[in-house]
Amino acid sequence: MRFVKTPKASSTAPAPAEHTARAASTERIVGFAPFIPPQPRVLILGSMPSVKSLEQGFYYAHPRNRFFRIIGHFLFLQRHPQCPPVDLDSPQASELIAEQTIALLTVAARQEALNSLGIALYDVIYSCVRPGSLDSNIRDVEYSDILGLLQEQPHIKLLVTNGSFAAQALQRSTLRPLQKQAASLPCSYLSLPSTSPANTVKLSVLLRSYYQLLPALGLSRAKS
């Protein structure tokens, strides 16, 4: 098992040029440095940036990935704490969620939202060979040093994996080795469903899972 020392964290986007030329090839690709807000509360881990994300230069760039719709909803909850919660079982749930979501259409807006909420981003896999964007095509993996990052960022109280592939990779790279040493993570851990287009569940169903992040973010839980 190969690990790579965590690159210097940033609260701004890395330049996309170094990733773009290799994003769709069969050559080794390298992910982004961690995005770390000034006071991170939650660290969300993906598997590896998609081709679209590598081209754009920031996480979760695919237009049908719902990650930043969820973040936009959380930002609304932060700014409007007295607003009535969304009833996720309502037939109008999709419309109600849209009304309580702030559109995050640029990388700058997404970074500002993450900084405001205290959400850090990184990937379990530091580099790999992967034709296209499918996780199933990933091979020849180098893992990120997630434990080292958590030790460097003691304000992080909750670690989250976005999708089953990221969860499995974290198990192999970090959790099982810790268990063998009778050790544990320095924070709580939560495995959540993927926000990618490959997961076809409704946004209301996805939100029901992601509402579990709200207490760690200091936000009120919506009606479930």
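Which elements do the buried residues of H8 pack against? They pack against H3, helix H4 (93-99), S7, S8 and helix H9 (214-217). I'll come back to that helix.

Ground rules first. This is a predicted model, where local features need pLDDT of at least 70 and side-chain atom pairs count only at pLDDT 80 or more, while totals for chains, interfaces and linings use all residues. Residues are numbered from 1 along each chain as its sequence is written, and side-chain values use heavy atoms, with hydrogens and water left out.

Now the overview. The chain has 9 helices and 8 strands. Both are DSSP runs, numbered from the N terminus: helices are H or I with at least four residues, strands are E with at least two. Of the 224 residues in the chain, 49% are buried. Buried means under 20% relative accessible area, exposed means over 50%, and partly exposed is in between, using a 1.4 Å probe and protein chains only. Contact means heavy atoms within 4.5 Å. Take the contacts in the chain with a separation of 6 or more: 75% of them join residues 24 or more positions apart.

Next, the sheet. Four strands form an open sheet, in the order S4-S3-S7-S8, and the pairing is parallel. Two strands pair if DSSP finds at least two bridges between them. In general, strands of a sheet pair through backbone hydrogen bonds, either parallel or antiparallel. The edge strands here are strand S4 (119-123) and S8, each pairing on one side only. From one strand to the next, the twist averages 25°. For the angles, axes are lines fitted to C-alpha atoms, for helices over the stretch in contact, and values run from 0 to 180 degrees between N-to-C directions.

Look at S3. Strand S3 (residues 42-46) pairs with strand S7 (residues 158-162) in the parallel sense over 4 bridges. There, Leu-43 stands opposite Leu-159 in S7. S3 also pairs with S4, again in the parallel sense, over 5 bridges. On that side, Val-42 stands opposite Ile-119 in S4. How many of the residues of S3 are buried? The count is 5 of its 5. Val-42, Ile-44 and Gly-46 point one way, Leu-43 and Leu-45 the other.

On to H7. Helix H7 (residues 164-180) bends by about 50° at Gln-171. That bend is the angle between axes fitted to the seven residues ending there and the seven starting there. Its buried residues are Ala-166, Ala-167, Ala-169, Leu-170, Ser-173, Thr-174, Leu-175 and Leu-178. H7 is followed by Ala-182, whose phi is positive, near 55°. Ala-182 sits in the loop between H7 and strand S8 (188-192). Is Ala-182 buried or exposed? Exposed, with a relative accessible area of 75%.

Tyr-60 has one of about 55°, although it is not a glycine. Its place is in the loop between helix H2 (51-56) and helix H3 (67-79). Tyr-60 is buried, with a relative accessible area of 12%.

Back to H8, as promised. H8 is mostly covered: 6 of its 8 residues are buried. These are Leu-203, Ser-204, Leu-206, Leu-207, Ser-209 and Tyr-210. H3 is one of its partners. The axes of H3 and helix H8 (residues 203-210) come within 11 Å and cross at roughly 60°. The crossing is right-handed. The contact is made by Arg-69, Ile-70, His-73 and Phe-74 of H3 with Leu-203, Leu-206, Leu-207 and Tyr-210 of H8. By class, that gives 6 nonpolar, 1 polar and 1 charged. Here Ala, Val, Leu, Ile, Met, Phe, Trp, Tyr, Cys and Pro count as nonpolar, Asp, Glu, Lys and Arg as charged, and the others, Gly among them, as polar.

One last residue. Tyr-126 lies in strand S5 (residues 125-129). Tyr-126 is buried, with a relative accessible area of 19%. Tyr-126 and Pro-49 are 77 residues apart in sequence and 9.7 Å apart in space, C-alpha to C-alpha.

Key. Left-handed = near helix turned anticlockwise from the far one by under 90°.
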